[in-house]
2 protein chains.
Amino acid sequence: MRRIRLTIAYDGTAFCGFQVQPDARTVEGELNRALSELTGENITVIGASRTDSGVHALGNIAVFDTESTIPAERFPFALLSFLPEDMKVTEGCEVPLSWHPRKQDCIKTYEYVYSCGRLEDPKSRLYAAFYESDPDIDKMCEAAGYLVGEHDFTSFANPSSQILKEGGSAVRTIYSIALREDGRTAGNENRTIRLSITGNGFLYNMVRIIAGTLMNVGTGRWTPEKVAEALSALDRTKAGPTAQARGLTLVSIRYIEGKEGSCEAKD
Amino acid sequence: MRRIRLTIAYDGTAFCGFQVQPDARTVEGELNRALSELTGENITVIGASRTDSGVHALGNIAVFDTESTIPAERFPFALLSFLPEDMKVTEGCEVPLSWHPRKQDCIKTYEYVYSCGRLEDPKSRLYAAFYESDPDIDKMCEAAGYLVGEHDFTSFANPSSQILKEGGSAVRTIYSIALREDGRTAGNENRTIRLSITGNGFLYNMVRIIAGTLMNVGTGRWTPEKVAEALSALDRTKAGPTAQARGLTLVSIRYIEGKEGSCEAKD
């Protein structure tokens, strides 16, 4: 028996999130089906991040156990004809049988894309959240500065979070938040602004609540200082709105560990 | 009676092209329905460019005649609740009743987007054509140079073109072809290359055949000089393949005329 670790990219638009649900199309469900068809075994993956409905990924991680002799690095190509076109496995490697993608220290990077202007561009609507505004990025950066570091992010978590309900800690470390604007492309009046956020873990809806709160600052409705107040209030009602799922992409998960379980040739 | 000119943006993915067809969802069909519902009249638009199935637009143009008293510039907002989310009217203005969007000299700009790498990114699949390659942009630019200027583009037109079948001229002028590469975004290994092409008119499938032919050069299968030979052959079979519709966007149509019929406040 071998444990194989896969890196997964998907367009979240047509998925009801990662986690298997009865009668709903999910990333995990499609992955289980494709791997079972490929190997002839009854495969159930364990995912690293259970992204929400509509959230995209470039680098989510999942593992599964198999008797198959397919070389681990061949899974991306072997799976091509078994997976739907809104989903790709981009890497495969073998990890120890004890390796669990949610029980290792890791660094996660998310990107949130805002499209800002007078009217939404139909071609941006699936992968960016539209704001009828002309936001001040410098102010958003200033506000983001209050969130970087180790904090109790209770104000920036959905209170229905399983971890919080079970009394778990809301303390997380954000290593960096960066905002940058794409160059304009011909004929497109809208501004595309990318929020990139890296940390050691994120509570339920945390990135989307940060994205929604920073846009409150960008539009001038909030001062940057109000974000610091929201953070210290430890009260979800003091932070801004949860930004739409469509703007969010889980970019990468990097595991902090020795050689064991690591299959990133790059970096 | 007034003639109103609209600028239209759409995601072509779920449309069977611009032109009305029985039992198929088309841009023109949705526009006719939305305008008829809004005005209570029986509206039929005249479009400038009958884009193919799957081709996108940021700035297609259509006109219609109405007794409605809605100010022309209000149509984008008035139509918002009548149009599906993959389509937006972005500008409206009044033009003379004699103004026809296909009977005026104009300058059209198209953009073709290639996504190049080892595996397709699911989030790019609707708006870019994927190539499993690492193309040489300099070579593509060199080849593009042969196409700029006034030429007979018979080799770069679908022979089923109505204009050609009726014995019309295949001479067109390309003012510019530019290629540029997007900066890399975190976690995405693929290269996004944008081909921007401006001319006084394009034959059926011409931009897509140019895009497919230039990629032949980018991948090294063709020398740049072979594009010059294909052009002078006046034979469709001598040019490269027609690139996929999904990569193409009609960016803008600018009319060359006096004040009459022009409603571009910008420029």
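Predicted model: local features only at pLDDT ≥ 70, side-chain atom pairs only at ≥ 80, totals over all residues.
View 1. Residues are numbered from 1 along each chain as its sequence is written, chains are lettered from A and ligands numbered from 1 in the order in which they are written, and side-chain values use heavy atoms, with hydrogens and water left out. Chain B brings 36 residues to the contact and chain A brings 36 residues (contact means heavy atoms within 4.5 Å).

**View 2. Charges across the interface.** Four salt bridges turn up between chain B and chain A, a salt bridge being a side-chain nitrogen of Lys or Arg within 4 Å of a carboxyl oxygen of Asp or Glu. Take A:Asp11 and B:Arg125: their side chains pair up in a salt bridge at 2.8 Å, N to O. Elements giving two or more residues to chain B's side include strand E1 (2–10), strand E4 (87–95) and strand E10 (248–255) of chain B; helices (H or I, at least four residues) and strands (E, at least two) are DSSP runs, numbered from the N terminus. E4(B) gives the most, with five residues. On that side of chain B, we find 14 nonpolar, six polar and 16 charged residues (Ala, Val, Leu, Ile, Met, Phe, Trp, Tyr, Cys and Pro count as nonpolar, Asp, Glu, Lys and Arg as charged, and the others, Gly among them, as polar).

**View 3. Helix H3 of chain A and its buried face.** A:Ile137, A:Met140, A:Ala143 and A:Ala144 are the buried residues of H3(A), residues 137–145; buried means under 20% relative accessible area, exposed over 50%, partly exposed in between (1.4 Å probe, protein chains only). Looking down the axis of H3(A), those buried residues fall within an arc of 120°, so they line one face of the helix (the arc is that of the directions from the helix axis to the C-beta atoms). Covering them are, among others, strand E5 (106–116) and helix H5 (206–218) of chain A. At the N-terminal end, A:Asp136 caps H3(A), with a side-chain oxygen 3.1 Å from the backbone nitrogen of A:Asp138.

View 4. A:Glu111 sits in strand E5 of chain A and counts as buried, at 10% relative accessibility. Its side chain makes a polar contact with the side chain of A:Arg194 at 2.9 Å (a pair of N or O atoms within 3.5 Å; within protein, one must be able to donate a hydrogen and the other to accept it, and residues adjacent in sequence count only if both atoms are side-chain atoms).

**View 5. Salt bridges linking distant parts of chain A.** A:Arg25 and A:Asp86 form a salt bridge at 2.8 Å, N to O, even though they are 61 residues apart. A:Arg25 is partly exposed at 29% relative accessibility, whereas A:Asp86 is buried at 6%. Another pair is A:Asp134 and A:Arg191, whose closest N and O atoms are 2.6 Å apart. A:Asp134 lies in the loop between E6 and H3 of chain A and A:Arg191 in strand E9, so this pair ties together parts 57 residues apart in sequence. Here A:Asp134 is exposed, at 61%, while A:Arg191 counts as buried, at 11%. Shared partners also join A:Arg25, A:Glu30, A:Arg33, A:Glu37 and A:Asp86 into one salt-bridge network.
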